[in-house]
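Hi,

Here is the structure I promised to pass on to you. Please open it alongside this email, and my notes follow below.

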Amino acid sequence: MEISRRRMLQVGMLGMAGATTGALTACGSSSTTSSSTKSESLSLWYWGGGLSDKVVEAAITQFPNAKLKTQKIDGDFRQKLVTTIAAGKFVPDITGIKGEDIASILPNANKFVDLNTLGADKLASQYLPWKWKQGSTSDGKLIGFPIDIGPTGMFYRKDMFAKAGLPTEPAEVGALVATWDGYFEVGAKIQKAYPKSFLINNIGSIFQMIVGQGTKRFIDESNHFIGDQDHIRTAWDTAVKAMTLGVDAKINDESWKQAIGNGTLATEIGAAWHALDLSDAAPDTAGKWRVAANPGGPANIGGSFLAIPKASTDPKTAFQILTWILDPQNQAKGFTDAALFPSSPATYKMPALTSGDAFFGGQVTIDVFSPQAEKIPIAYEAPADAAVSAPYFSALSGLETSAKNADAAWADAVSQAKQIAQRQGVS
Amino acid sequence: MPAAPRGGTRARPGRIRRIWSFWPQYLAIAPFFVIFGVFMLGPVLFSLYLAFHRWDGLGDIQYVGLQQFRFLVKDPTFWLSLKNTLIIWVLSTVPMLLLALVLAAMLNAALRLSSFYRLAYFVPNVTSLVAISIFFFAVFSQFGLVNAVMHGLHLPLIGWLSNTWAIKIVIALLMSWQWTGYNAIIYLAGLQAIPTDLYEAAKIDGAGPIQIFWRITIPLLRPVILFTVVISTVTGMQSFTEPQILFGSNASINPNSGGPGQAGLTMILYFYHQAFDVHDYGYGAAIAWSAFLVILVFAVINWRIVARHED
């Protein structure tokens with residue numbers, strides 16, 4: 001007993017010593033980061049598929065003095081970035097920002113370096129203007145430097161179109177589905193040939209697409225709620241129409257992966273990067289798919305940015321690395337490696353993009369996407385936009401599962417969106 | 001007047017010395033309290049502070065008084081989430097505890113392989129909830145195993161993950177599957193603590209097995225049942241991971257909204273959605289504290305109901 005008590009004391013002392021040294025090292029490291037101006041190494045945060053891994057590796061050898069350390073962050077990227085910036089320690093020198101997060105991060109522009117002060121404004125002409133604007137604050141500070149964009153298209157099963165007696169070549173199909181009504185008629189014809197198949201996975205995707213095709217969203221530039229106006233109502237009505245016509249598969253979960261593979265879905269509407277989801281979900285259908293211009297005109301879904309947090313120890317070098325990773329040459333590599341659709345139009349003419357895609361039967365998909373990319377409408381996306389839009393999507397998926405009246409669902413969605421807007425400080 | 005402080009100063013060094021003499025013991029229990037304080041108590045108090053503020057996680061924290069709670073009372077989605085939580089809780093807890101009791105009685109009677117059975121029933125509880133949810137998703141999805149069997153039996157197919165009620169049943173099933181074994185093990189421990197001479201005496205007096213179960217087993221098991229009911233209330237009403245994984249959806253639009261028609265939106269999932277998807281930490285904190293109050297009320301009600309029978 002005597003020995004065990006002494007032993008315990010020793011362990012206790014060790015523990016205390018450990019705690020003290022831990023505290024001392026913590027103090028030491030915090031004082032060095034705050035006082036020293038020389039940086040030992042730069043860090044880059046991105047998520048899997050957010051940048052081309054090959055380009056990132058090349059950047060490490062390209063800038064040996066920067067001693068670039070890269071880190072792939074899994075899970076909720078925004079959450080981890082925001083927490084780290086708020087804590088103020090171990091903040092990356094360069095970080096990715098996802099397309100859906102940029103609008104809600106812009107109000108905190110003071111936590112990031114205005115890239116225009118580092119000379120980004122001289123590079124602006126190389127990138128798509130609407131994308132550049134997305135990464136800028138209303139007073140012209142550039143926070144997010146464009147990585148990729150998400151121009152949209154209609155993916156379709158060529159074999160199913162052929163059996164339904166529809167045209168099969170992308171140009172003809174694109175003309176056929178130029179309007180939403182034209183698209184829905186295609187659905188009716190598909191269902192004659194394939195009674196168990198549907199045109200589209202759910203009506204939320206139609207609503208999202210139509211809102212993205214407009215120049216106004218849910219909140220206007222003077223911070224007013226406009227989600228009850230005609231442009232949203234039209235998108236809603238068109239989406240609901242697909243359901244009443246019976247061309248909607250009403251799939252709101254991961255089972256669309258099976259639906260893609262087994263011919264339940266004849267088409268999908270989505271961004272260029274959605275091609276990767278299709279080939280992942282249904283590799284056996286390779287060669288049967290084609291892509292045509294989207295019903296209703298061009299829109300953008302997703303596409304990310306790189307930013308430099310204020311806490312960066314060496315923003316100048318960080319900016320050099322950032323612009324190198326995202327220059328038009330490397331954007332071509334990003335397209336080949338990670339299906340990142342370039343945000344620099346000069347890249348569209350490079351061989352990496354003009355070669356055919358085997359999943360699409362050798363189709364040169366850039367022919368469909370690049371004319372769209374340059375015509376994407378510029379819409380103001382308020383910080384609270386995603387939050388305010390949520391009730392509409394919930395209501396649409398609710399309509400698909402219950403026999404609720406569409407007008408009542410609209411009224412509920414609008415009143416909920418108004419409340420969320422109010423909570424988020426929108427007038 | 002000067003006498004009182006002098007008396008105080010005289011007493012204090014003695015007390016401090018006495019406390020100091022126990023320093024190894026205090027040191028030994030310190031890690032728990034330090035970790036609890038930093039990772040539990042601190043965030044809990046901060047969330048209470050946040051419930052009266054507006055914060056997007058990065059910018060300035062703005063005091064708004066009771067406004068978040070005023071929003072909450074008028075928010076139909078919150079009431080929907082409360083309704084969903086209660087339905088899922090009843091659907092899972094009632095069959096789960098009854099089944100656990102039956103299992104425990106069977107385990108108690110098992111003569112062979114008893115530790116194997118005990119282990120087997122406890123395995124679901126230590127299995128990763130994410131893995132279970134993914135498995136359940138595969139089984140219940142539109143083209144999953146359950147619908148394949150129903151198709152084979154010429155039964156009408158059910159959209160297990162799209163029908164408002166089916167969604168709740170699937171979540172409740174998942175929770176029951178995970179927690180039945182745990183509760184059965186707890187009941188088993190309670191059963192084994194009942195002295196055998198009571199059973200022997202009852203048998204001699206001519207009581208049948210059913211009578212023995214209702215007159216001896218259940219009354220003596222009451223404290224254990226009380227424990228499982230309260231624990232099931234607290235865990236069951238905090239269901240989050242199950243609907244989050246089942247209906248998380250990899251879409252960037254409207255994530256974690258609880259599936260079609262928001263039928264799987266529980267209180268904790270709604271809190272998570274508001275705080276981490278919508279970046280409204282103040283409102284999220286207000287939902288979390290309201291959920292705490294609701295759970296507290298139900299835990300107390302359950303405790304009163306089960307405990308009352310004791311007199």
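In chain B of this predicted model, residues 24 or more positions apart account for 70% of the contacts with a separation of 6 or more. The secondary structure of chain B consists of 13 helices and two strands. Its radius of gyration is 25 Å, well over the 19 Å that the globule rule gives for 311 residues, so chain B is more spread out than a compact globule. The C-alpha trace of chain B spans about 90 × 65 × 35 Å along its principal axes. As for burial, 34% of the 311 residues in chain B are buried.

Next, the interface. Here 33 residues of chain B are in contact with 36 residues of chain A. On the chain B side, α2 (23-50), α3 (67-74) and α4 (76-109) each supply at least two residues that touch chain A. The largest share of that side, three residues, comes from α2(B). Sorted by class, the side of chain B that touches chain A has 15 nonpolar, 15 polar and three charged residues.

Chain A is also assigned two domains, and here each is written as two segments: domain 1 (43-149 + 302-349) and domain 2 (152-299 + 366-423). The C-alpha centres of domain 1 of chain A and domain 2 of chain A are 29 Å apart. Their contact takes 14 residues from domain 1 of chain A and 17 residues from domain 2 of chain A. On the domain 1 side, α4 (99-105) and α5 (129-134) of chain A each supply at least two residues, and the largest share, three residues, comes from α4(A). That side of domain 1 of chain A divides into 10 nonpolar, two polar and two charged residues.

Now to the strands of chain A. There is an open sheet of five strands in the order β2-β1-β3-β9-β4 (chain A), with mixed pairing. Its edge strands are β2 and β4 (145-146) of chain A, each of which pairs on one side only. Within the sheet, strand β3 (residues 94-97) of chain A and strand β9 (residues 305-307) of chain A pair in the antiparallel sense over three bridges. If you want a spot to look at, A:Thr95 has A:Ala307 in β9(A) as its bridge partner.

Another antiparallel pairing joins strand β6 (residues 152-157) of chain A to β7(A) through five bridges. Here the bridge partner of A:Gly153 is A:Gly270 in β7(A). Strand β7 (residues 267-271) of chain A is mostly covered, with five of its five residues buried.

Two loop residues of chain A are worth a look as well. A:Ala66 lies in the loop between α2 (53-62) and β2 (69-72) of chain A. Is A:Ala66 buried or exposed? A residue counts as buried if 20 or more other C-beta atoms lie within 10 Å of its own; A:Ala66 has 20 other C-beta atoms within 10 Å, so A:Ala66 is buried. Leaving out residues up to four places away in sequence, A:Ala66 touches A:Leu42, A:Thr317 and A:Ile321. By contrast, the C-alpha atoms of A:Ala66 and A:Trp273, 207 residues apart along the chain, are separated by 32 Å.

The other one is A:Gly296, in the loop between β8 (289-292) and β9 of chain A. A:Gly296 counts as buried because it has 24 C-beta neighbours inside 10 Å. Not counting residues up to four places away in sequence, A:Gly296 touches A:Thr179, A:Trp180, A:Met209, A:Ile210 and A:Gln213. A:Gly296 and A:Val388 are 92 residues apart in sequence, and 23 Å apart in space from C-alpha to C-alpha.

Lastly, helix α18 (residues 406-423) of chain A. At 1.5 Å a residue, its 18 residues should span 26 Å, and the end C-alpha atoms are 26 Å apart, which agrees. Buried residues in α18(A) include A:Trp410, A:Val414, A:Ile420 and A:Arg423. Just after α18(A), A:Gly425 takes a positive phi of about 80°.

Best wishes

Conventions
Residues are numbered from 1 along each chain as its sequence is written. Chains are lettered from A and ligands numbered from 1 in the order in which they are written. This is a predicted model: local features need pLDDT of at least 70, side-chain atom pairs count only at pLDDT 80 or more; totals for chains, interfaces and linings use all residues. Helices (H or I, at least four residues) and strands (E, at least two) are DSSP runs, numbered from the N terminus. The expected span of a helix is 1.5 Å times one less than its number of residues. A residue is buried if 20 or more other C-beta atoms lie within 10 Å of its own, exposed if 12 or fewer, and partly exposed in between; C-beta atoms are placed from the backbone. Two residues are in contact if their C-beta atoms, placed from the backbone, lie within 7 Å. The radius of gyration is taken over C-alpha atoms; the globule rule is 2.2 Å times the number of residues to the power 0.38. Two strands pair if DSSP finds at least two bridges between them. Ala, Val, Leu, Ile, Met, Phe, Trp, Tyr, Cys and Pro count as nonpolar, Asp, Glu, Lys and Arg as charged, and the others, Gly among them, as polar. Domain bounds come from an automatic or database domain assignment.
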